[in-house]
Amino acid sequence: IHAGAAPDPLTGARIGPIYQTTSFVFPDVDTAASLFNLHSFGFLYSRVGNPTVSALEERIANLEGGRAACCCATGHAAQFITFFTLLDPGDEFIASQLLYGGSITQFRLTFARLG
């Protein structure tokens, strides 16, 4: 469960800090361009990722025996990423009517617009 972060060398804290930032500073324009063009890994904007979320994702992947994990801010975002990745236009899937109503609406209306 300690995957994803090493103890802080200065304080010895086992758990890393929560980074409450939306943006990051880059050493130069080339580094920024490489990050924003997705040519290199790093932090560019907190909605895309930050050190706190990266540590969580690494821990979940480690606990589940996976290579990586993807954390989302909402259940609808997680559903969208999952189905958008796995399905092609015209594919169908089955969902229980007992699911949360917002999920049924997302499946029937939002996903239908994607084909």
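Modeller: The buried residues of H4 are Gly102, Ser103, Ile104, Gln106 and Phe107, where buried means under 20% relative accessible area, exposed over 50% and partly exposed in between, computed with a 1.4 Å probe on protein chains only. Helices here are DSSP runs of H or I with at least four residues, strands are runs of E with at least two, and both are numbered from the N terminus. This is a predicted model, in which local features need pLDDT of at least 70 and side-chain atom pairs count only at pLDDT 80 or more, while totals for chains, interfaces and linings use all residues. Residues are numbered from 1 along each chain as its sequence is written, and side-chain values use heavy atoms, with hydrogens and water left out.

The buried residues of H4 pack against H3, contact being heavy atoms within 4.5 Å. H3 covers residues 75-86 and H4 residues 101-110; their axes lie 11 Å apart at an angle of about 35°. The axes are lines fitted to C-alpha atoms, for helices over the stretch in contact, and the angles run from 0 to 180 degrees between N-to-C directions. H3 contributes His76, Gln79, Phe80 and Phe83 to the contact, and H4 contributes Gly102, Ser103, Gln106 and Phe107. By class, the contact has three nonpolar, five polar and no charged residues. In this scheme Ala, Val, Leu, Ile, Met, Phe, Trp, Tyr, Cys and Pro are nonpolar, Asp, Glu, Lys and Arg are charged, and the others, Gly among them, are polar.

Next, the cysteines. The sulfur of Cys70 is 4.5 Å from the closest cysteine sulfur, in Cys72, and this is too far for a bond, since a disulfide is a pair of cysteine sulfur atoms within 2.5 Å. Zero disulfides turn up in a search of the whole structure. Cys70 is exposed at 54% relative accessibility, whereas Cys72 is partly exposed at 30%.

At the start of H1, a side-chain oxygen of Asp28 comes to within 3.1 Å of the backbone nitrogen of Asp30. H1 is followed by Leu38, a residue other than glycine with a positive phi, near 60°. Leu38 belongs to the loop between H1 and H2 and is exposed, with a relative accessible area of 69%.

Asn50 is also in the loop between H1 (29-36) and H2 (51-64), but is buried at 7% relative accessible area. Its side chain makes a polar contact with the side chain of Ser46 at 3.4 Å; a polar contact is a pair of N or O atoms within 3.5 Å, where within protein one must be able to donate a hydrogen and the other to accept it, and residues adjacent in sequence count only if both atoms are side-chain atoms. Leaving aside neighbours within four places in sequence, Asn50 is in contact with Tyr19, Phe24 and Phe43.

Last, the segment before H1, where Gly4 is found. Gly4 is partly exposed, with a relative accessible area of 29%. Its C-alpha atom is separated by 5.0 Å from that of Glu58, 54 residues apart along the chain. With neighbours within four places in sequence left aside, Gly4 is in contact with Ala55 and Glu58.
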